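Here is a short briefing on one protein chain.

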Amino acid sequence: MTTRSMLTTTDSTTASGGRARRPLIVATARCLLAATLVVIAAMAPSAFAAEAGDRIDLKVLVLSANGFEASFQAWTAALKREGVPFDTLIANEAAPITSDTLTASPTHARYQAVILATGGLLECSALGCFSALDAGEWAALNAFQTRFGVRRVVAYTYPTPEFGLNYPFHAGDLAGTPAQLTTGGKAAFAYLAGAVAIDTGAYGYLATPLATEGPAPFETLVAGPADAAGTAAALVGVHNRTDGFEELVITVDGNASQLHSLLLAHGLIGWATGGVHLGYRRNYFTLHIDDVFLGDDRWDVNDNVTYEDDGATNPVVRMNAADVTRALAWQTTTGLKLDMVFNGGGSDEAIAENGSDALTKALLKARKQFRWINHTYSHPNLNASTQAEIVAEITKNLDWAWANKINLDPRELVTGEHSGLSNLAMPAALAQAKISWFAADNSYDPTPFNLGEAVSVPRHPSNVYYNVGTFAEQLDEYNYLYFDHCTNTATTTCLTAPATYAQYVNSEATIMIRHLLTNDARPHYFHQANLAEDGTLYPVADEVLKRYTTWLSVPLFQPTFRESSLILAQQQAWAGNAGAVKGWVVDGKIYVQSATAVEVPVTGAEAGSWYGGDRSGWFKVPGGDAAVVITEAEEAALPNLGKYEQWQLETQKWNAWKHGKGKGHGWGHGSHGKQGWKSSGKGGDTGCSSKSGGKSKSHGESKSGGKSKSQSGKKSGKKGHH
Ligand SMILES: [Zn+2]
């Protein structure tokens with residue numbers, strides 16, 4: 001192990017640019033479940049060209065000329081998203097780079113990878129372009145990378161022979177340019193399907209690799225169009241430098257939100273670090289359907305308002321039995337589940353008015369095929385409600401669910417319109433009702449916050465509006481908000497012409513898929529109206545999934561409401577701790593040391609779960625001076641992996657509680673990471689057996705299944721555009 005595979009390029013294991021190949025496991029939610037065992041094998045994949053006994057710190061160095069390059073911002077964003085520790089060095093401002101910058105001793109590297117924002121770290125002005133590093137700094141950097149075999153990524157460059165490429169045969173906006181993983185690219189980006197979408201506004205160059213150069217041929221990982229001679233351009237490829245380390249070269253620019261940046265980021269991090277780094281990422285897509293059993297007020301396409309409770313002119317939009325059938329079929333087709341965020345009062349009222357309710361029958365018949373979340377009984381705005389009123393709304397809806405054999409986690413709550421979160425009575429009400437997790441709107445409150453011990457789960461809004469049943473209504477409201485009656489703001493860009501339906505779908509899908517590609521466990525929320533009539537959810541969701549499956553080969557996870565919170569908390573805790581935690585590799589073993597107990601995300605250890613060609617998990621590192629070998633550490637809970645089964649398990653416990661044993665047991669007010677089932681000893685204070693009749697509602701619903709939205713619908717759609 002003293003010499004490294006990177007230079008022995010005849011070794012077949014280096015065909016993908018030296019990255020150690022591990023068996024690819026087709027990752028499904030099911031097989032990922034099996035990964036709760038800690039694998040005892042102690043050797044991590046050899047990632048570095050270090051000598052025996054060398055210590056390589058698990059940290060990335062990102063170099064920028066001035067801190068403003070799009071590629072610099074894209075890289076820091078990507079590393080943050082996955083929780084990969086890094087330092088930035090802005091060459092214009094920082095002290096000169098010396099070997100002390102890069103090494104702690106002759107055998108101790110401070111960094112495992114070096115990212116250059118641009119080739120040569122150039123700064124250009126009227127006087128010309130100059131490197132922000134001087135010759136001595138380049139010499140120190142190169143010597144360091146040669147000594148330890150630390151890889152370099154040139155995040156964006158003009159192609160020249162210096163980078164193993166010919167001069168470009170084309171330059172310009174490469175938006176939509178066909179780009180495809182090569183065989184080597186498929187190994188380095190195993191989570192991708194093959195096609196790489198080059199986003200709009202991406203300037204770049206098309207250049208072919210030099211025919212002969214360096215100790216081994218340039219290896220293209222992402223191929224672009226061919227030149228006149230039929231040789232494919234290398235948009236991304238690995239250049240084997242003559243001075244003994246590898247550099248990955250990218251000839252298309254990319255900022256932090258462009259799709260090709262988001263698609264490639266994880267594989268680029270993996271390549272740069274030899275596949276071993278701190279950090280963890282998965283792709284998530286949870287869909288909440290709010291207001292189930294209620295009707296939603298309808299947008300008036302003539303008056304461009306949403307009249308409340310004006311069912312005579314604009315009948316409320318409410319699902320029917322056929323809509324349930326369609327939703328079930330969609331679940332079957334996509335393999336995804338919908339979370340029904342329900343108001344039992346809508347069902348009771350419809351039955352009271354009409355004697356029966358086909359929607360209720362259809363949903364209850366299919367109740368085990370959906371997931372369910374409490375949305376209060378009658379959907380009142382809780383901003384001015386008393387504690388008793390809030391608790392009654394929460395528990396009455398639970399009573400309704402239990403009476404109708406709906407399984408759910410009673411600790412989860414979505415208030416109507418996310419209301420009541422500033423109500424001073426809310427913390428005590430949540431505690432009394434044993435609520436642990438409540439919903440917030442991500443466009444206002446993207447960071448989880450506490451109300452008492454309960455914590456918020458930010459949910460992504462969208463421009464799939466709550467108050468539309470037909471495509472025509474959806475498009476009319478969208479164009480009203482973004483064209484007819486639009487003012488440009490920091491977060492809203494008005495259209496210059498009315499959108500077509502296809503343009504609207506494209507815009508929404510583009511916003512939404514970024515959430516799927518950014519390690520973001522926040523749920524998306526929609527409304528029952530979007531499953532009714534024309535089914536306005538489906539074109540958008542289907543377009544998101546079409547793009548996802550075109551570009552990616554790994555499954556999506558659908559964390560429950562509670563699991564979303566646990567994932568966010570885990571990420572948040574790590575973001576706060578990462579700077580104080582030391583990780584390093586010696587002789588292939590991964591060590592982590594922390595003064596305080598932490599959960600550490602690790603990718604590339606021989607433990608954890610497989611996902612898209614690499615293995616990763618969260619590991620418990622006890623506080624103290626001792627360094628822990630990661631493969632000998634206890635794996636932390638992985639709330640985002642296969643926890644649908646976990647949810648069912650808890651539901652069984654809950655069933656046991658509600659069927660007769662309720663007096664002595666309750667759902668604990670779960671703290672993060674705990675499963676929360678415990679004996680409360682208080683007995684019956686969530687009212688499971690005492691309130692089945694319920695008290696009469698007093699929240700002014702005036703029609704079948706209808707409810708009052710106390711805020712105007714005019715503004716509701718705006719939230720989603722960001
Ligand atoms: Zn609602």
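This is a predicted model: local features need pLDDT of at least 70, side-chain atom pairs count only at pLDDT 80 or more; totals for chains, interfaces and linings use all residues.

Residues are numbered from 1 along each chain as its sequence is written.

**Helix H8**
- Helices (H or I, at least four residues) and strands (E, at least two) are DSSP runs, numbered from the N terminus.
- H8 spans residues 344–354, and its buried residues are Gly344, Gly345, Gly346, Ser347, Asp348, Glu349 and Ala350.
- A residue is buried if 20 or more other C-beta atoms lie within 10 Å of its own, exposed if 12 or fewer, and partly exposed in between; C-beta atoms are placed from the backbone.
- The buried residues of H8 pack against strand S20 (338–342), helix H9 (358–365) and helix H10 (387–403).

**Strand S17**
- Five of the six residues of S17 (residues 287–292) are buried, so the strand is mostly covered.
- S17 pairs with S20 in the parallel sense, over four bridges; two strands pair if DSSP finds at least two bridges between them.
- Ile289 has Met340 in S20 as its bridge partner.
- S17 also pairs in the parallel sense with S26 (residues 524–527), over four bridges.
- There, Asp290 has His527 as its bridge partner.

**The open sheet**
- Six strands make up an open sheet of mixed pairing, in the order S4-S5-S1-S27-S28-S32.
- S4 (103–105) and S32 (628–629) are the edge strands, each pairing on one side only.
- S1 (residues 55–57) and S27 (residues 582–586) run antiparallel and are joined by three bridges.
- Asp57 stands opposite Trp584 in S27.

**Nonpolar cores**
- A nonpolar core is a set of buried Ala, Val, Leu, Ile, Met, Phe, Trp, Tyr and Cys residues joined through C-beta atoms within 7 Å.
- The largest has 167 residues, and Val60, Ile115 and Leu248 have the most contacts inside it.
- Helix H6 (residues 259–272) gives the most to this core, with nine residues.
- At least three residues of this core come from each of domain 1 (50–273) and domain 2 (287–556 + 683–720); domain bounds come from an automatic or database domain assignment.
- Another core, of seven residues, lies apart from it and includes Tyr284, Leu566, Ile567 and Leu568.

Conventions: Two residues are in contact if their C-beta atoms, placed from the backbone, lie within 7 Å.
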